[in-house]
Amino acid sequence: MQRIIYLDNNSTTKIDPEVLDAMMPYLKEKYGNPSSTSHTFGREASAAVDIAREQVADLINAEFSEIIFTSSTTESINLAIKGVIENSEREKIHIITTKIEHKAVLNVCKYLEKFGVEVTYLSPDSSGIISPLNVRENLKPDTLLVIIMSANNEIGTIQPIGEIGELCEEKNILFLTDAAQSVGKIPMDVKQLNIDFMAFSAHKIYGPKGTGALYVRKLGDKNLLYPQIHGGGQEKGFRSGTLNVAGIVGFGKACEVCKRKIFDEFNKHTVWRDRIIQNLNAKIEGTFLNGHPVKRIPNNINIGFKGISNSLFINEFSDLAISTGSACSSETLEPSYVLSAIGRIKTEISCSIRIGIGRFNTEEEIEYIIKRIPDGINKIKEKLL
Ligand code: PLP
C-alpha cells in the first residue's frame, strides 16, 4: 500500500499517544458522571475534569474558573457571540469582525444581522493582516464586541491581537478571539493580550475531536454571558450537558504536552516551513506565497504554482495529504473567500494549496516533499506542453 504523508495539520491533527493513554481509563473503567459525586466513580471523573481544566487554563495563563468546556471552537464562538448579545440590554448593537474569519464566526454574524445586529467586516491587507487602526476607525458608540481571529486557518497570518486587545480594553469593548489555529502553536497569554473571550479546541493540538473550550475573563465576577444550551446546569449553568470526560481529559493532556513542547516545536516547524517555502520558490517557476512571510504560524504554508490547478495537483500527488480548499470548508468548492480578500484572483486561488506540518512529521518527510513537489510539478508541466 502506498504511504501517504499527512500534511493537513491546520485541518486536524493526529492524537498524541500520551493523550490517548491519558484518555483510555475514562473510556473503559472510569466511566462515572462528574455530576454524580455521591460515589467514587463520579468523584474520580469530577477530579479528572478539574485537573484538565487546570491544564487548559495553564496553557493560556487563565484561571481555573475562567474555562467553559464545549464541544468545539464553533460551539465556543456561538456561545460567546450569541451569549453576549442576548445578555446585553442595549437597543442597538454593533459588532466589528473581519472578512477572513472562519465560517464559525461569519455565519453567526450573518444570522444575527437578521435580528438587527449591525456588523462591520474589515478587510485585511495583502498579507492578511487586520490593522488595529482600521479597528479603531470603525468603532461606534454602540460597538459591543470586536471579533478577530488570532491566526488564519488558510494563510496562517497572525493578527496583532495584543494591540487590538489593548484598544478594546481602553474603549471598554468586549474582545473575542478565535484561537483555534494559534493555541499550542504560539504563546497565547490571555491576560497579557487583554482578551475577554477565547475559543479553541483539542483536535488542532493533538487532542480528540469533539472537545472545545471557551475562555471567559472573570466568568464569575461579571454576568457577561447568557447560556445557549439549557439543561442540567453543568459548567456553572453556561453549558449544560453531561461532560465528555474522556475528551476533556485528553484536551487537558494535549495542553500540558503543548506547554512542554511549544518552544521546541515552534523553532523546528518554523525552520521546516521556511525551508519548504524557499525550496519550492527556488525550484518551481511561478511560485507565490499567500499570507505573511514572517507573521504566520509555524505550521502553515499556503502556496500557489501558476498554471497548476488544484485538480492537476491532486491527481499527481496522491502520496501527500494536502488541502486544496479552505480545509474546514473545502466541501463547498467555492473559491476561497480568504484568498479573495487578500487580493488573489480566481486563477491564483485555484492554483493554491495549503501544507500544514505537524508534530508527527519527520525530517525525512520534509526532505522528501522538497524534492517530490518540484519533480511532480515538472511532470505536470511536461504533460501540459
Ligand atoms: N476557527 C478556525 C480558525 C479553525 O481553523 C477551525 C477549524 O476547523 C474552526 C474555527 C472550527 O473548529 P471546530 O472544528 O473545533 O469547531
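Colleague: Where is the place of Tyr-206?

Modeller: Happy to start there, with a word on the basis: this is a predicted model, in which local features need pLDDT of at least 70, side-chain atom pairs count only at pLDDT 80 or more, and totals for chains, interfaces and linings use all residues. Residues are numbered from 1 along each chain as its sequence is written, and side-chain values use heavy atoms, leaving out hydrogens and water. Strands are DSSP runs of E, at least two residues, and helices are runs of H or I, at least four residues, both numbered from the N terminus. By that scheme, Tyr-206 sits in the loop between E7 and strand E8 (212-216).

Colleague: Is Tyr-206 buried or exposed?

Modeller: Buried means under 20% relative accessible area, exposed means over 50%, and partly exposed lies in between (1.4 Å probe, protein chains only). Tyr-206 has a positive phi near 70° although it is a residue other than glycine. Its relative accessibility is 2%, so Tyr-206 counts as buried.

Colleague: And what is the phi of Asn-194?

Modeller: Asn-194 lies in the loop between strand E6 (174-178) and strand E7 (197-201). At 15% relative accessibility, Asn-194 is buried. Asn-194 is not a glycine, yet its phi is positive, at about 55°.

Colleague: How many disulfides does a search of the whole structure find?

Modeller: A disulfide is a covalent bond between the sulfur atoms of two cysteines. Here a pair counts if the cysteine sulfur atoms are within 2.5 Å. The sulfur of Cys-109 has its closest cysteine sulfur in Cys-168, 14 Å away, which is too far for a bond. Over the whole structure, the number of disulfides found is 0.

Colleague: Which is it for Cys-109, buried or exposed?

Modeller: Cys-351, to take another cysteine, is buried at 7% relative accessibility. For Cys-109 the relative accessible area is 0%, so Cys-109 is buried.

Colleague: What separates the C-alpha atoms of Glu-137 and Lys-30?

Modeller: Glu-137 belongs to helix H5 (residues 132-137). With a relative accessible area of 59%, Glu-137 is exposed. Glu-137 and Lys-30 are 107 residues apart along the chain, and their C-alpha atoms are separated by 54 Å.

Colleague: Zooming out, what percentage of the 385 residues of the protein count as buried?

Modeller: The protein has 11 helices and 12 strands. Its C-alpha atoms fill a box of roughly 70 × 55 × 35 Å along the principal axes. Of the 385 residues, the buried share is 57%.
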